[in-house]
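Dear colleague,

I am passing a structure over to you, and below it I have set out what was found when its geometry was worked through. Please read the notes alongside the coordinates.

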Amino acid sequence: MEKLKLHSPDLTQANIDKLAQLFPNCVTEVSDAAGVVKRSIDFDQLRQELSTSIVEGPQERYQLNWPGKREALLTANAPIAKTLRPCRDESVEFDTTQNLFIEGDNLDALKLLQETYLNKVKLIYIDPPYNTGNDFVYEDDFAEDSDAYFVRSNQKDDRGNRMIANTESNGRIHSDWMSMIFPRLKLARNLLRDDGVLLVSIDDNEVANLRKICDEVFGDENFVSQIVWQRSKKGDAKLVAKVHEYILCFAKNKEALVEAGLWRRKKDGAAEVLAQYAQFKAQFPGKHDQIRSAMQDWYRSLNDSDPRKAHKHYNWSDDRGLYFAADFAGPDDGRASRPRHDILHPVTGKPCKKPSTGWRWDQAKTDWALAQKPVRIHFGPDETTIPNRKSYLEEISVEPYPSVFYRDGRSATLEVESLVGKGWFPFPKNTDVLAELIELVTGPDDLIVDFFAGSGSTGHAVWNVNEAQRSKRRFILVQVPEPTGREEYKTIAEISKRRLRQASQVLRESAGKIKSVGPLDMGFRVLKIDSSNMKEVFYTPDAVSQDLLSDQVNNIREDRTSEDLLFQVLLDWGVDLALPIAQETIAGKVVYFVDGNALAACFDEGVSEDFVKLLARREPLRVVFRDAGFATDSVKINVEQIFKLMSPGTEVKTI
């Protein structure tokens, strides 16, 4: 019976497998320090395969490099033997929510999520440390090979605090930051769908390096934009006041992203103008002159700074909707070939006056516009007035997202303070801005990931979008439990969870007032990164003396629960960690059923053939038992045969 591997994927070996398929003659074998022979790549031969001339030695080439880059790549590819442990007490609606909050090192989290969420994420938004010299970066240990890293990663991190101040006194202020962000972005890219998007908030300290790293990880052809976010109108500075930061945008595959659909956002105030127009339309049915007069009066009542007033030229009305009589003339580009066909006035029947530069539309499009009901050309009282084209607000109420925008950053601080108290989290991200980006980039059922969760702004923004659109977007947030040095919230992760709980309550109360819609998912399932559920003997059996034979039989740590084991199984099998979980008792044994019948798991001891037959009648797609949980050796031997006879489609494994 096959056992679960119980560690994250070995990406180095996966990459070797891919290269072996393309270049089998480049595969070789090497011995490590312990004398173990492993498959490897002959890089000299590979370079020759990829060259059109004889390769003799290093050549100058365009590349990004820094001290620690190779070690960072090695660490990104090395597997870890860790797991995610569920924490019901800190969750909200644990059994039903599809949102996840992972507490722990985000490098570990990204490795653990590789198989489960490979190519499934639509949007990754992160707000990493800006490397100002006063913030923190992750203290990744690169001074070891992948085998040593794997061994150490099986143990619980003794340091606990993975964050260090990255001051200039380090002498490696940029290198440390780049070594931190590089492996995380490489792993994050694997999670994105082909039409997936990465958005990264950053400022001037590292924007240039981040752009180059993203060019390397994603390919410069997949660069979308470097958006400028002006967060204030003024600032203090000796030379130039910095009042902005950036949002760097990359696609996993830009061509696939464009094919998935254009990005458009609602014009500020347009929806409100259309809502007011609908009221006047109901008040004056079919009386378009009165509707126009009412719209003009309403526009005049607005302040000049009101975004609705920007649409004041949309005040004409017909049976199609609210429109603006836009210029119908062609551009003044000196072209004598501009269309100059006659357009007859609908009342006088005479040709209307033509613009000096000719018409914007050719004869065919003009005929089409005149054939519409109502017509899409706006005429004056007689033929002496040049006609205009009708531009309907409903049809142009969206626009491309701008590369520069202003949004005051202080409102985000006030929002967080209202939920967790004052002075706890400086410079949180504005949920309104994040909601706009989420709405712009994602669809109603998409998955959003933020592995620098901070105060939890991304999760809050996802909920805001879901409430506004009645959609079912999901999120996965990751936050390291960085100590605050204070009592009320001892770690940043505690602040994140508190903010989400409070936001959930506020939004739940707001959504509850709407009777015509079903319940929204305002919960989150807390999972904490920890050492593997398996004892060290599971990973290094050769190093254990025969005196510990009993430990080899029962190789699961004593402090782990059945639900802990269940989530390690979900990780190993690549099953969505947010699927609903039900618990049943069958013949006195506790059985977990994941997503109905997708997976059945029983970790109780004393499993008999009668129990196995009862479980097989349920015909689960997958089933897992504890390796030492069978009543006898014969039961363990017969399990697979029982399922082959009673449920041949079931995959059976042990832990």
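Is the crossing of α19 and α20 left-handed or right-handed? The crossing of these two helices is right-handed, where the term right-handed applies if the near helix is turned clockwise from the far one by less than a right angle, and left-handed if anticlockwise.

Before the rest, a word on provenance: this is a predicted model, in which local features need pLDDT of at least 70 and side-chain atom pairs count only at pLDDT 80 or more, while totals for chains, interfaces and linings use all residues. Residues are numbered from 1 along each chain as its sequence is written, and side-chain values use heavy atoms, with hydrogens and water left out.

Helix packing

Helices (H or I, at least four residues) and strands (E, at least two) are DSSP runs, numbered from the N terminus. The axes of α19 (residues 609-616) and α20 (residues 633-646) come within 10 Å and cross at roughly 25 degrees, the axes being lines fitted to C-alpha atoms over the stretch in contact, with angles running from 0 to 180 degrees between N-to-C directions. The two helices are therefore roughly parallel to each other (angles under 35 degrees count as roughly parallel, over 145 as roughly antiparallel, 65 to 115 as roughly perpendicular and the rest as oblique). On the α19 side the contact (heavy atoms within 4.5 Å) is made by E609, V612, K613 and A616, and on the α20 side by S634, V635, N638, V639, I642, F643 and M646. By class these residues divide into 7 nonpolar, 2 polar and 2 charged, with Ala, Val, Leu, Ile, Met, Phe, Trp, Tyr, Cys and Pro counted as nonpolar, Asp, Glu, Lys and Arg as charged, and the others, Gly among them, as polar.

Helices α3 (residues 69-77) and α6 (residues 173-191) pack at an angle of about 35 degrees, with their axes 9 Å apart, and their crossing is right-handed. K69, A72, L73 and A76 of α3 meet S179, F182, P183, K186 and L187 of α6, a contact with 6 nonpolar, 1 polar and 2 charged residues.

For α9 (residues 270-283) and α10 (residues 288-300), the packing angle is about 140 degrees and the axes lie 10 Å apart, which makes α9 oblique to α10. The crossing of α9 and α10 is right-handed. Their contact includes Y277 and F280 of α9, as well as W298 and Y299 of α10, and its residues divide into 8 nonpolar, 1 polar and 2 charged.

Cavities

A search of the whole structure finds 2 cavities of 30 Å³ or more, a cavity being a set of points, on a 1 Å grid over the protein atoms alone, where a 1.4 Å probe fits but cannot get out, and lining residues having an atom within 4 Å of a point. The second largest cavity holds about 40 Å³ of space, and is lined by L123, Y125, L199, L434, L437, I438, I448 and T458. Two or more of these residues come from each of β5 (121-126) and α13 (431-441), with α13 giving the largest share, 3 residues. The lining divides into 7 nonpolar, 1 polar and no charged residues.

Backbone details

A cis peptide bond, with omega about -5 degrees, joins K373 and P374, and P374 is found in the loop between α11 (363-371) and β14 (377-378). E93, in the loop between β3 (82-86) and β4 (100-103), has a phi near 55 degrees, a positive value in a residue other than glycine.

With best wishes

Definitions and conventions:
On a 1 Å grid over the protein atoms alone, a cavity is a set of points where a 1.4 Å probe fits but cannot get out, and a pocket is an open set with protein on both sides within 12 Å along at least five of seven lines; lining residues have an atom within 4 Å of a point. Grid points are joined across faces, edges and corners, and a volume is the space filled by probe spheres set on the points.
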